[in-house]
Amino acid sequence: MVLAQLPLARTTVDADGAARARPDLLTELRRDDATRVVLVHRGLLGVAEDDGLSLLPVADVPDAAWTAEHVLYLGRQGTARYVALVLPEHLGQERDLDGAPVDTDAPLVSLAAGARFAHLRDVGDRLCDRDTGLATTAVALAAWHERNPRCPRCGEATEVVEAGWVRRCLVDHSLHYPRTDAAVIMAVVDAADRLLLGHAAHWPQRRYSTLAGYVEPGESLEAAVRREVAEETGVVVGDVRYVGSQPWPFPCSLMTAFRAQVAEGAGTDVVVDGVELTAARFFSREELGAAVAAGEVHLPTRTSIARALIEDWFGGPLPQPPA
C-alpha cells in the first residue's frame with residue numbers, strides 16, 4: 001500500500017504555517033482576489049455538481065462573515081490561497097415568537113441556500129488531491145473549534161487567533177492547539193491468509209469492516225493493535241507491520257493502518273466482546289467477494305482507510321452489491 005493512494009492522505013496544498021501568526025493575514029486574504037473559500041456547515045462541505053469542492057471567490061463572502069471566529073486559513077498553492085468559512089450551526093433556524101424566520105444573518109442564509117453540501121465520507125475519494133487536502137483540514141479545524149470554545153485549564157471563554165489554528169484563553173492567556181487522537185486500524189490475517197472482519201454494535205445490519213480502536217496512554221501503536229484485536233475477538237496477534245496512515249476528522253482521529261498476523265500456534269476461534277463487536281469472522285477472498293456481490297456483506301466507503309486495507313488484501317476493487 002502506498003501512502004499517497006490513501007484517500008484522505010492526498011494533498012498538494014502548502015500549509016503555509018509561518019503565515020498564520022501574521023496579525024494582518026485575514027485582512028490580506030480578504031483583499032486578495034486570488035483567495036478562494038471552502039464552505040463548511042454542520043460538518044458538511046460545499047460541493048459542485050461534479051462533487052468537487054465549490055471554491056467561492058472571496059468577493060462572494062459577506063463582510064459580516066469575515067471574522068476570526070468563522071474564517072480558517074487552509075494554506076496556499078501557487079498564487080491562490082484558501083480559507084474555510086464555517087457557517088454558524090444555527091444558520092437559518094432562528095425564529096421569532098410567532099415562528100417566523102429571523103433574518104439577522106440574511107447574507108449568510110443566502111450564501112448557504114445557494115450551496116450544495118455533502119459529507120466528506122461520501123465524496124472524499126472522488127476529490128482531486130488539492131481539494132482532498134483542503135476539505136480534510138477544513139472539516140478537522142471546524143470540528144475542533146465547535147467542541148472547544150472554553151479553556152481546558154480554567155473553563156473561561158477563548159478567542160480564535162493565528163488564522164484559526166490556536167485558541168487563546170481570555171483570562172489566563174494560555175494557548176490551545178488542535179488535537180489529534182491516534183487510532184489503529186488493522187487487516188488481521190491468519191495462516192491461510194483469511195481476513196478478519198467485524199460488525200460493530202452501532203452499525204447497520206450486514207456492515208463489516210476491519211478492526212480498529214484508539215491508542216491508550218503509555219501504549220505503542222503495535223501494542224494497541226494486539227490489545228484491540230484480543231479484547232474484541234479473542235484472537236492473539238503476533239507480527240504487526242505498519243502500512244500507512246490518513247487523517248479521519250470525525251472529529252479528530254489519525255488512523256494508522258497495519259497488517260497483523262495471527263500469532264503462530266494461536267487459534268482462530270473468534271469470540272466477540274458483545275459490546276463493541278456483535279459479530280466477527282475470517283473470510284477467504286472467494287467468500288468475501290461472493291458475500292459482497294450478493295449484498296450479504298456491506299463494506300465501508302472508499303474514503304475510509306478500512307476499504308483500502310480490505311481491497312489491498314483482496315488484490316483489487318471488490319464488486320459492488322446489487323442495486
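Residues are numbered from 1 along each chain as its sequence is written, and side-chain values use heavy atoms, without hydrogens and water. Because the model is predicted, local features need pLDDT of at least 70 and side-chain atom pairs count only at pLDDT 80 or more, while totals for chains, interfaces and linings use all residues.

**Largest pocket**

The largest pocket holds about 810 Å³ of space. A pocket here is an open set of points on a 1 Å grid over the protein atoms alone, where a 1.4 Å probe fits, with protein on both sides within 12 Å along at least five of seven lines; lining residues have an atom within 4 Å of a point. The volume is the space filled by probe spheres set on the points. There are 28 lining residues, and the closest to the pocket centre are His-202, Trp-203, Ala-212, Trp-248 and Met-255. At least two lining residues come from each of β10 (181–189), β11 (195–200), β12 (211–214), β13 (237–248), β14 (253–262) and α7 (305–314). Helices (H or I, at least four residues) and strands (E, at least two) are DSSP runs, numbered from the N terminus. The greatest contribution is that of β12, with 4 residues.

**Salt bridges**

The structure has 22 salt bridges, each defined as a side-chain nitrogen of Lys or Arg within 4 Å of a carboxyl oxygen of Asp or Glu. The table gives some of these pairs.

| Pair | N to O distance |
|---|---|
| Asp-129 and Arg-10 | 2.8 Å |
| Glu-28 and Arg-81 | 3.2 Å |
| Arg-194 and Asp-190 | 2.7 Å |

Asp-129 is in helix α4 (residues 129–147) and Arg-10 in the segment before α1 (25–31), 119 residues apart. Glu-28 in helix α1 pairs with Arg-81 in strand β5 (residues 80–87), so this bridge ties together parts that are 53 residues apart in sequence.

Burial is judged by relative accessible area: buried means under 20%, exposed over 50%, and partly exposed in between (1.4 Å probe, protein chains only). Asp-129 is partly exposed at 35%, whereas Arg-10 is buried at 13%. Glu-28 is partly exposed at 26%, and Arg-81 is buried at 8%. Arg-194 is partly exposed at 27%, while Asp-190 is buried at 4%.

A network of salt bridges links Glu-216, Glu-219, Arg-227, Glu-228 and Glu-231.

**Cysteines**

The count of disulfides is 0, a disulfide being a pair of cysteine sulfur atoms within 2.5 Å. For Cys-252, the nearest cysteine sulfur is that of Cys-151, 18 Å away. Cys-252 is buried, at 18% relative accessibility, whereas Cys-128 is partly exposed at 39%.
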